[in-house]
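Subject: Structure for you to look at

Hello,

Here is the structure I said I would pass on. My notes follow below it.

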Amino acid sequence: MIEALRSLQARVTGAAPPPETVTDVAEALEKLAATLEPFTVGERDQIAGHRGDLPGRGQAMSPVLHVDEWDGAHVLGRITFSRFYLGGNWAVHGGAIPLAFDEVLGRLASTGRTAARTAYLHVNYRKITPIEVELRVEAKVDRVEGRKRFLTGALYDGEHLTADAEGLFVELRPGQP
Ligand SMILES: CCCCCCCC/C=C\CCCCCCCC(=O)SCCNC(=O)CCNC(=O)[C@H](O)C(C)(C)COP(=O)(O)OP(=O)(O)OC[C@H]1O[C@@H](n2cnc3c(N)ncnc32)[C@H](O)[C@@H]1OP(=O)(O)O
């Protein structure tokens with residue numbers, strides 16, 4: 001279901017269908033939304049973002065990270081931004097890149113440790129990040145100071161660095177939302 005939604009996001013973004021097709025698709029989507037409505041659940045029970053066994057934790061908001069290496073200290077993986085994430089001139093939207101970094105660094109920050117939340121995330125855009133190209137993602141925990149975890153990450157198109165990030169993730173106290 002989530003994979004099909006991702007595919008739909010990319011198709012909708014890239015299409016300019018005739019008016020009758022637009023009407024048909026809109027009706028079909030409204031019907032699907034109505035089919036799901038009776039199955040609305042609380043946050044804890046939803047699939048999206050809560051299924052570690054599914055690509056991208058089962059949520060369609062950020063692109064899927066395919067993990068090659070993951071431990072408590074570093075991550076190596078691959079990520080492809082579909083056409084859904086197009087900003088302009090075949091470059092990824094500037095807001096989608098921090099989304100991907102927050103996902104990767106945020107998950108790494110909380111791997112094998114008490115959960116942490118993003119306090120800040122600084123992103124440098126070094127080169128255009130291309131759409132529909134498999135990119136390499138690297139991330140690591142740089143240092144830990146008490147509740148503060150400082151992480152860095154980088155995104156590569158081949159040997160070209162397209163963006164890098166530095167983030168502070170603060171360990172949550174018991175009961176802290
Ligand atoms: C989301 C789920 C998290 C759980 C993970 C579960 C398992 C993982 C699996 C899957 C997860 C999903 C993967 C994606 C995860 C993405 C993470 C996000 O996107 S989180 C959403 C965006 N972030 C917020 O909404 C935070 C909003 N802000 C806050 O809640 C607080 O400000 C918080 C927790 C960040 C800090 O508040 P205080 O009251 O706990 O602590 P204070 O005392 O203010 O700060 C502690 C230390 O940090 C410094 N600090 C805090 N903010 C700073 C900043 N912006 N810049 C510099 N220093 C800062 C302070 O100066 C202090 O340092 P000194 O101890 O004095 O040395």
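The largest nonpolar core holds 25 residues, and those touching the most other members are V104, L105, L108, V137, A139 and L151. Two or more residues each come from strand 2 (74–80), helix 3 (96–109), strand 6 (134–145), strand 7 (148–157) and strand 8 (160–171). Helix 3 gives the most, with 7 residues. Leaving aside residues up to four places away in sequence, L108 touches V75, A139, V141 and L151. Please keep in mind that this is a predicted model.

On the ligand: 16 residues surround it, and G106, S110, A115, R117 and A119 are the closest. Helix 3 and strand 8 each give two or more residues to this shell, as does strand 5 (116–125). By class, the shell has 6 charged, 5 polar and 5 nonpolar residues.

As for the annotation, an unreviewed UniProt entry lists residues 92–159 as "domain: Thioesterase". That stretch of the chain is 49% strand and 21% helix, with 18 Å between its end C-alpha atoms.

The protein chain is divided into domain 1 (1–60) and domain 2 (62–177). Taken over C-alpha atoms, the centres of domain 1 and domain 2 are separated by 24 Å. Contacts between the two involve 7 residues of domain 1 and 7 residues of domain 2. On the side of domain 1 that touches domain 2, 4 residues are polar, 2 are nonpolar and 1 is charged.

Regards

Key:
Residues numbered from 1 in each chain as written. Predicted model: local features only at pLDDT ≥ 70, side-chain atom pairs only at ≥ 80, totals over all residues. Core = buried A, V, L, I, M, F, W, Y, C linked by C-beta atoms within 7 Å. Buried ≥ 20, exposed ≤ 12 C-beta atoms within 10 Å, placed from the backbone. Helix = DSSP H or I, 4+ residues; strand = E, 2+ residues; numbered from the N terminus. UniProt positions renumbered as here; feature names shortened; annotations may be inferred. Near = placed C-beta within 6 Å. Nonpolar A, V, L, I, M, F, W, Y, C, P; charged D, E, K, R; others polar. Domains from an automatic or database assignment.
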